[in-house]
Amino acid sequence: MPKFNEMIRLHNGIEMPSLAFDTYGLTAGTAHDAVLHHLQCGGRHIDTSADFGVEKQIAAAIADSGIPRNELFLTDEIPGGEANHDAAVRAVEVSLKRLASDYVDLLLMGWCGGTSKDDPDNTKADTAWSALETVYKNGNAHSIGILDFQPWQIEYLLQRTEIVPMVSLVPIYPGYPSTASVKANKEHNFCTVAYLPRKIRQVLDSTEIHIFAEKYHTDPLDIVTQYVRQKADALTITVPFNEVKEESFRFSEP
């Protein structure tokens, strides 16, 4: 396995590969081959969501790869906006069946709270997080985390949570460092996982990135991953594993 598939230890002791393949944008017709290719190139971390609609194809790719489940790391998300505790737990159970797995290694939740107008007590966020805690306790998720949380949302959640999130997924890329969120993550010992914008091509094709790429005699993706390396602990990316250079993705120095 390539060296840059470094293992990051979460605060609950779980180890997570630092590079994940984000399956956003894949379809039922493309997901199987893309995931299988990623695994054959050495990738071991797959990031998906029921909302993407490709969980069955991911399961088939894993089966065809011949890689044991315990050598892989699966990240999933509860469906967007899901706030009912029982419904969220059932949604995870459905995802596990589609993934042909008894557990996911990481389960994420986006902000499910409301505004001061439609949900002044943010009861939706409380209920949704309690569902993740239930799934974590019953072993169907080995770690749990948050997605796109602002610092005030983190503080709100921590005042009411029983289990502290292990991971915080935030957008980080040149021009968008998410400084406040990264600072909050460090203060609470969350692993910061960066994700690039869905329209990453616009970043890679920007004049500024190309200037740096020419200066350092490398490619735009290398510049972006080097930038992320300085800001985050790990990265989830839609670019195939074999296109990321080893030297740009070693988060800890040898």
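Student: Which residues does Ser178 touch, not counting residues up to four places away in sequence?

Tutor: With contact meaning heavy atoms within 4.5 Å, Ser178 touches Val170, Pro171 and Ile172 once residues up to four places away in sequence are set aside. This is a predicted model, in which local features need pLDDT of at least 70, side-chain atom pairs count only at pLDDT 80 or more, and totals for chains, interfaces and linings use all residues. Residues are numbered from 1 along each chain as its sequence is written, and side-chain values use heavy atoms, with hydrogens and water left out.

Student: Why is Ser178 called buried?

Tutor: A residue is buried under 20% relative accessible area, exposed over 50% and partly exposed in between, with a 1.4 Å probe and protein chains only; Ser178 has 14% relative accessibility, and therefore counts as buried.

Student: What makes the pair formed by the side chain of Ser178 and the backbone oxygen of Pro171 a polar contact?

Tutor: A polar contact is a pair of N or O atoms within 3.5 Å, and within protein one must be able to donate a hydrogen and the other to accept it, while residues adjacent in sequence count only if both atoms are side-chain atoms. Here the backbone oxygen of Pro171 lies 2.5 Å from a polar atom of the Ser178 side chain.

Student: Where does Ser178 lie in the secondary structure, and what is its phi?

Tutor: Ser178 lies in the loop between β8 (167-171) and α6 (179-187), where helices (H or I, at least four residues) and strands (E, at least two) are DSSP runs numbered from the N terminus. Although Ser178 is not a glycine, its phi is positive, at about 50°. Just after α6, Asn189 takes a positive phi of about 65°.

Student: How do you know that the buried residues of α6 line one face of the helix?

Tutor: The buried residues in α6 are Ser181, Val182, Ala184 and Asn185. Taking the arc as that of the directions from the helix axis to the C-beta atoms, these buried residues fall within 160° when seen down the axis of α6, so they line one face. The face turned away from the buried side carries the exposed residues Thr179, Lys183, Lys186 and Glu187. What covers the buried residues of α6 includes α5, β8, β9 (191-195) and α9 (220-231).

Student: What puts the buried residues of α5 on the same side of that helix?

Tutor: In α5, Gln153, Ile154, Tyr156 and Leu157 are buried. They cover an arc of only 165° around the axis, which puts them on the same side of α5.

Student: What makes a set of residues a nonpolar core, and which residues have the most contacts inside the largest one?

Tutor: A nonpolar core is a set of buried Ala, Val, Leu, Ile, Met, Phe, Trp, Tyr and Cys residues joined through side-chain atoms within 4.5 Å. The largest has 56 residues, and those with the most contacts inside it are Met16, Val35, Leu107, Met109, Ile144 and Val167. Helix α4 (residues 123-137) gives the most to this core, with 6 residues.
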